[in-house]
Amino acid sequence: MEPWTPLFGIFLSSRTPETDASRWLQESFSPSSTSAAAPITTASFLSLLSEPHDAVAQGGPFPSSPPPARTRRVMFIQTLPAMVQSRILSFLALEHRRFRAADLSGLARGILGGGEEVDFWVEKAAQHLLDVLPESSYEGISRLGLDSGGERSGDEFGAVPAWLKNEVAATRVLLPWLPVSLDEFNSVESFPDGEKNEELSSEAGEIEAEPMDEDVEGIEICDSLGVPLEPEIQDKATSLRAQIANFESTSRTVALANAIREICLGKGLNSVQVLELIEPWKADDEAASILISHLTDGSEKEFTWPSLALCSVILPRLLLLEVPVTRVLLTATIEYCKLHQKATEYALLLPLMMRKEGINNPICEAITRIIKECLHPAHVTAFCHKLLCDGKNNKRFVCLPSHQCLISPELMVESVSSFLL
């Protein structure tokens, strides 16, 4: 039990338990056992969770004459707090391919069929774990017999998993947990008939048909930024960078935003190169919220400048987000994104979806709020269709050269799966 203490500590107190637990298990993986410590493997973790224990049930209507204690056989996971149970089950569902499917199924069915009242969220997490498993993994598996005390055979653990055997057959499936093929997804017949769906599909088609590619290609985001800036412009940008780091008052920050917009939109200047010198992403949350609110040029149809404003002020902060975003920054971002939906898609949402380390819980919450409050349903439909089915457009996003190292050139399917879940 002692080697697993750090992992249970993660499930108890971490803000992102699934991500942290996955990283810990990968770093601590040790299949060879010694006299001092037991092996740390996926099989030994499941064996610990399903280990039978005697639980004492007490209580009655009259405390003065309590009924005799009643013992029942439960799994070790059922002795943990409900919150920890639900987090463990969510982690197992997310990383189910690393575990033996039959063992996962037995664990989930043992919790659901234990004959005792189960916490609501524990029940939902156990049911979700069963949902993500292939049906063949739990066909013929009866409820876990805890009273027998016998240990299950692990002979099948070394066998090739079913999902790997069926990988070729499943290549046309949209997502592992969604039994819809790409052809069905692209087909109009796969959606229910109705005026609302036809109208939504029509609006999505109009949005997707807009000439966005030309707009994205028109923004010169590259390492070779052409002619160097004049010394006067460089000195002014350096001065603005120093002011970014020192937030004094709202009025001074508004004036700073106006100065940044003026120098970036100067005739013949490369805005990307200027923003790289100013580094507006280093402002704190309060200053960043004021900057993004006053960097608009007043045109809702403009694409280039709003995209550069988002990718230089907001995007870098969200790419490195490890804790929930502050209310002041999220509110300002949402208000800006409502005015510039196209820029939001290409300079904020797409880069976040393609984050190299995947989407953690704080980033997922921020993306969800922005999508719900800023985008029309037809726009969301077109965005998801483009994200999942049109790989060439995934590379058409707006990002400063300084932050391209944080973004993967290919879409992280598992990251998108966890977001859509």
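The legends below describe an overview and several close-up views of one predicted protein model.

In this predicted model, local features need pLDDT of at least 70 and side-chain atom pairs count only at pLDDT 80 or more, while totals for chains, interfaces and linings use all residues. Residues are numbered from 1 along each chain as its sequence is written, and side-chain values use heavy atoms, with hydrogens and water left out.

**Overview. The protein chain has 21 helices and four strands.** Helices (H or I, at least four residues) and strands (E, at least two) are DSSP runs, numbered from the N terminus. Of the 421 residues, 41% count as buried, where buried means under 20% relative accessible area, exposed means over 50%, and partly exposed lies in between (1.4 Å probe, protein chains only). Among contacts (heavy atoms within 4.5 Å) between residues at least 6 apart in sequence, 74% join residues at least 24 apart.

**View 1. Thr-333 lies in helix H17, which spans residues 327-339.** Thr-333 counts as buried because its relative accessibility is 3%. Its side chain reaches the backbone oxygen of Leu-329 at 2.8 Å, and, when residues up to four places away in sequence are not counted, Thr-333 touches Ile-314, Leu-348 and Ile-370.

**View 2. Helix H3, made of residues 42-49, is mostly covered.** Six of the eight residues in this helix are buried, and these are Thr-42, Ser-44, Phe-45, Leu-46, Leu-48 and Leu-49.

View 3. A disulfide is a covalent bond between the sulfur atoms of two cysteines, and it is counted here as a pair of cysteine sulfur atoms within 2.5 Å. The cysteine sulfur closest to that of Cys-374 belongs to Cys-337 and is 4.9 Å away, which is too far for a bond. Cys-405 is likewise in no disulfide, and the nearest cysteine sulfur, that of Cys-399, is 8.3 Å away. Cys-374 counts as buried at 4% relative accessibility, whereas Cys-405, at 52%, counts as exposed.

**View 4. Glu-279 is found in the loop between helix H13 (271-278) and helix H14 (285-294).** The phi angle of Glu-279 is near 55°, a positive value in a residue other than glycine. With a relative accessible area of 17%, Glu-279 is buried.

Conventions: A polar contact is a pair of N or O atoms within 3.5 Å; within protein, one must be able to donate a hydrogen and the other to accept it, and residues adjacent in sequence count only if both atoms are side-chain atoms.
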